[in-house]
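Hi,

Here is the structure I promised to pass on to you. Have a look at it first, and then read on for what turned up.

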Amino acid sequence: MPDATRATVIVNVDIPGPVISRHLYGHFAEHLGRCIYGGFWVGEDSPIPNEGGIRLDVVEALRELEIPNLRWPGGCFADEYHWRDGIGPREDRPRMVNTHWGDVEENNHFGSHEFMALCELLGTAPYVSGNVGSGTVREMSEWVEYLTRPGTSPMADLRRANGRDEPWRVPFWGIGNEPWGCGGRMRAEAYADLARQYATFCRNHGDNTLTRIAAGAADDDYAWTEALMRAVDAPGPSNALPFEAISVHYYTFGGTWEAKGSATQFGDDEYWRTVVAAQAIEPILRRHVAVMDRYDPERKVGLVLDEWGTWWDVEPGTNPGFLYQQNTMRDAIVASLHFDTFHRLADRLTMANIAQTVNVLQAMVLTDEETGALVRTPTFHVFEMNKVHHDATSVPVHVRAPQAQHDVAGTSVPTLSATASVTEGRCHVSLTNADLEHPVEVDLDLRGVSPQDVSARVLAPSSVRSFNSAADPDQVSPRPLEVVETSTGVRFTLPAHSFAVVEIR
Ligand code: AHR
C-alpha cells in the first residue's frame, strides 16, 4: 500500500459561523425518463407496493435522507407543463408530448395532487417550478391560488371539487427554468422583466409565504446574475423584493458536453478532470455571490443552486433522452466536495437541489425496469451520512496538508477537503480524500471542546469505480472507521478515494 499522507485538520468548535440550511440538501424530480414514471409513480394497479400509486420502497429509502425539499415538475419540462392538464380524474386528463426528454407521451397521471401526496409521504417541502416559457401569467397565478388558497375562491373551489379541502403549504416557487435555453431562449434583461411580472402575480394566500426564485445563470454566466440583480435593485411601487432568490445551475463531468464519458468506465485522467470540475463550483459560486453583494449587501436575496451533480453518457442500451446513468464512488466524491462548498457559502447559498433524485443523472436510488429492484447509490450514502449538518451551525476548519495535492495538467489540486458543524452538543466533521492511491493520516485538532465520545463512519470501496447494483447492492456502503484519541483530539486514517463523517460528543 502507498505511504499515508499526513494532515492536520483544525476545527474551531467554539467559533460559530452561519447556519447550514437543511435546504442545501434539497432534491429535484422532473418528468424525465424514469424519474417520475417508474421511479416515484407506478400507479395504483401496480404489483409494486404503493400508496395511491406512489412507490413505497422509494419513499422508504428517501425518508432515510430526511430530504428537506423537492423541486418539480422540471427542469426544461416545467416550461411546457400546463398544470390544469394534471388535475381531475386521471382517465380524463389530456395527453401531451414530452418534447425535451425522449419525445415520449406524457399522460399527466402524475400531477399536482400526486406531487403533493408524494411530498406528504416524504415529509418534504414542495418546490414548484412554474411555466414562463409557454405559460401565461394568469396560469401561474391560478396555480398558486389552487395549491395554497384557503377558504372559498375559484381555484380553491376547483381544488376542493378534485378532492382536497385544505390548501397545501408551498414555500418555494420557481419563475420558469433556464430561460436562456430550453425555457424560451430569452435574453437576460427580457427575462428579468418577465420574472418581475410573473412573480408579482404569485401571491401569498392565507398564511402561505412563497420564496419566489427567479431562474438564473448557467455556470459562469455572471452577466445573467447581474441582470437579475439589477432587476432586484430597480425601484418599484414598494420596497418589497420582486423575488426572494435567484438560481444558478452547474453540472460536473470529466469530458465535454458532447462526450461526457462513461459513468463507470473512466480513466484516472478523466477522474481527475472530474475532481477539478467539481472543485470549480466554489470559485464560480463565489463570483456570483460577489455580483449579488454589489447590489444586495445586506444579503436579502438568496442564491439557489437548484440543479447540480454529475452528468455522464447514458448507460448503454438505454434511451438517450432518459439520462439514466450509474453512480460510482467518483459521484460520491463529487457530492461530498459540493457539500463542503455549500457549507462554506451558507450565508448566501440558501438552497441546492441535486439533479435528480431517482433514475436520472446523479440519482439517490436506481430502480430496475424489469425486476423493480431498488438500489441505493454511493451518492445516497453521502447524503445520509451528511444529514447531521442539516440546520447545524457551521464552524471554521483549517486543513494543513501540504502533501495532499495531485498534479493535474500542471496545476496542483488539493486532495483533502473538510468542513464541520455543531448541533445539540455534537460536532460533526466531514472529510473527503480524493486521492486515488494515498491514504491520509489525519490529526483532528479540536479547539474549544473536550471530547467525551468520538465515533466515525467511512465510505471507502475497493475502487473509485465501484458501484451498487441489484446483484451487489452494498458494494459501496458506510462502515465504522477506527479513531484513536490524542492529546488534542483524535487521529484516524482516511483510505484513498473515501468520504468520512466523524462525530464528537
Ligand atoms: O436535469 C436535466 C436538465 O438539465 C433540466 O431539465 C434542465 O433544466 C437542465 O438543462
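**A covered helix, and what lies around it**

In helix α10, the buried residues are P378, T379, F380, H381, V382, F383, E384 and M385; buried means under 20% relative accessible area, with exposed being over 50% and partly exposed in between (1.4 Å probe, protein chains only). Helix α10 spans residues 378-385, and eight of its eight residues are buried. Helices here are DSSP runs of H or I with at least four residues, strands are runs of E with at least two, and both are numbered from the N terminus.

Some housekeeping before the rest. This is a predicted model, where local features need pLDDT of at least 70 and side-chain atom pairs count only at pLDDT 80 or more, while totals for chains, interfaces and linings use all residues. Residues are numbered from 1 along each chain as its sequence is written, and side-chain values use heavy atoms, leaving out hydrogens and water.

**Two domains**

The protein chain splits into domain 1 (5-13 + 395-504) and domain 2 (22-390), with bounds that come from an automatic or database domain assignment. Their centres, taken over C-alpha atoms, are 30 Å apart. Where they meet, 39 residues of domain 1 are in contact with 33 residues of domain 2, contact being heavy atoms within 4.5 Å. About 2900 Å² is buried between domain 1 and domain 2, and carbon and sulfur atoms give 64% of that; buried area is the accessible area (1.4 Å probe) that two parts lose on being put together, summed over both. T419, R465 and F499 supply 19% of the area that domain 1 buries against domain 2, more than any other three residues.

The rule finds two salt bridges across this interface, a salt bridge being a side-chain nitrogen of Lys or Arg within 4 Å of a carboxyl oxygen of Asp or Glu. R465 also has a salt bridge to look at: its side chain meets that of D268 (2.7 Å, N to O).

**Nonpolar cores**

The largest nonpolar core has 123 residues, and F40, W173 and I175 have the most contacts inside it. Such a core is a set of buried Ala, Val, Leu, Ile, Met, Phe, Trp, Tyr and Cys residues joined through side-chain atoms within 4.5 Å. Helix α9 (residues 329-344) gives the largest share of this core, eight residues. Domain 1 and domain 2 each contribute at least three residues to this core. A second, separate core has 29 residues, including V13, L416, V454 and L494.

**Strands and sheets**

Strand β21 (residues 416-423) is mostly covered, with seven of its eight residues buried. Three bridges join β21 to strand β17 (residues 392-395), running antiparallel, and T393 stands opposite V422 there. Eight bridges join β21 to strand β22 (residues 426-433), also antiparallel, with T419 opposite S430. Two strands count as paired if DSSP finds at least two bridges between them. The hairpin of β21 and β22 has two residues between the strands, and E424 takes a positive phi near 45 degrees.

Elsewhere, five strands form an open sheet of mixed pairing, in the order β18-β1-β23-β27-β26. β18 (397-400) and β26 (484-485) stand at the edges with a single partner strand each, so one side of each has no neighbour in the sheet.

Best wishes
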